[in-house]
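Trainee: Could you walk me through this model before I look at it on my own?
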Amino acid sequence: MTTANSMFPDISISTERLVLRPFEEADIDGLTEMMNDEHVVAWTTAPHPYTEADARAWVTRLAPAERTEGRGIVFAVTEFLTQRLVGMVHLQHTDWRVRSCEIAYVVAPWARGEGYASEAALAVTQWLFRDQGFERLELRTAADNVASQQVAQKVGCISEGILRGACIARTRDENGALSDTRTDLIVWSLLPEDVDGIADQLAEAAGYTAFSEWN
Ligand SMILES: CC(C)(COP(=O)(O)OP(=O)(O)OC[C@H]1O[C@@H](n2cnc3c(N)ncnc32)[C@H](O)[C@@H]1OP(=O)(O)O)[C@@H](O)C(=O)NCCC(=O)NCCS
């Protein structure tokens, strides 16, 4: 079976408060700092400690290859007003026949609680469904990752079930040392019909006007 498409286009997405674009070398310091945060260490599989060399490899080689090798696409999330890096959205495990992929996101600790993860995730979702003709987006959150579950619910995700013992989280023991802890994963999904009206609800709650556009 042939697929209609096997690579996402090289694009940027604008929302009221954010610009999602490919990573640039100027993001390396901000990315290094963001990825060394405790919650990122706990809930993602990123290298730890996350060095400048890790960030450089991600920005110059690994992130672009996600797109050019057809696995997904990586967006640096920046504040429109300050142009500062505030996060990352990663679409991965793309199945071009099913037109489905999985989303993951990180927001820098100092930018959390502003609704940025939800705004960025929703903008990517709208682009994926409306412009790219995708039919399903999946999200997996560790059972104790409450903030990420809040984001999932805010963008309209439906919880589909639990993958038991499917995730290794990194937790600190009483001496402050990191250790691997096996935990459950919650699987969430979004279909195109789930997203209708969510952008306006989110914007109203956070006090901004909803829009997103891509080019
Ligand atoms: C998950 C993450 C991206 C959320 O980013 P964010 O920009 O703060 O997200 P938003 O502001 O859009 O929404 C977060 C929501 O979770 C809530 N929240 C945050 N921490 C919480 C906690 N410990 N308990 C309950 N709610 C929490 C916030 O109040 C907010 O809800 P609200 O808007 O109803 O108040 C960020 O915490 C992060 O980068 N975590 C580490 C990496 C990670 O876990 N990625 C997800 C992997 S699946």
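Mentor: Let us start with Leu137, which stands opposite Leu190 in S8. This is a predicted model, in which local features need pLDDT of at least 70, side-chain atom pairs count only at pLDDT 80 or more, and totals for chains, interfaces and linings use all residues. Residues are numbered from 1 along each chain as its sequence is written.

Trainee: OK, and in which sense do S6 and S8 pair?
Mentor: Strand S6, residues 136-142, and strand S8, residues 178-190, are antiparallel and share six bridges. Strands are DSSP runs of E with at least two residues, numbered from the N terminus, and two of them pair if DSSP finds at least two bridges between them.

Trainee: What order do the nine strands of the sheet take?
Mentor: The sheet is open and of mixed pairing, and its order reads S7-S8-S6-S5-S4-S3-S2-S1-S9. Strand S7 (158-172) and strand S9 (212-214) each have a single partner strand, so at these edges one side of each is left without a neighbour in the sheet.

Trainee: Switching to S3, how many of its residues are buried?
Mentor: Six of the seven residues in strand S3, which spans 73-79, are buried, meaning that 20 or more other C-beta atoms, placed from the backbone, lie within 10 Å of their own.

Trainee: And what does Thr78 in S3 stand opposite?
Mentor: Val19 faces it, where strand S2 (residues 18-21) runs antiparallel to S3 over four bridges. In S4, Leu85 is the bridge partner of Thr78; S3 and strand S4 (residues 85-95) run antiparallel and are joined by six bridges.

Trainee: Which residue takes a positive phi in the hairpin of S3 and S4?
Mentor: That is Gln83, with a phi near 65°, in a hairpin that has five residues between the strands.

Methods
A residue is buried if 20 or more other C-beta atoms lie within 10 Å of its own, exposed if 12 or fewer, and partly exposed in between; C-beta atoms are placed from the backbone.
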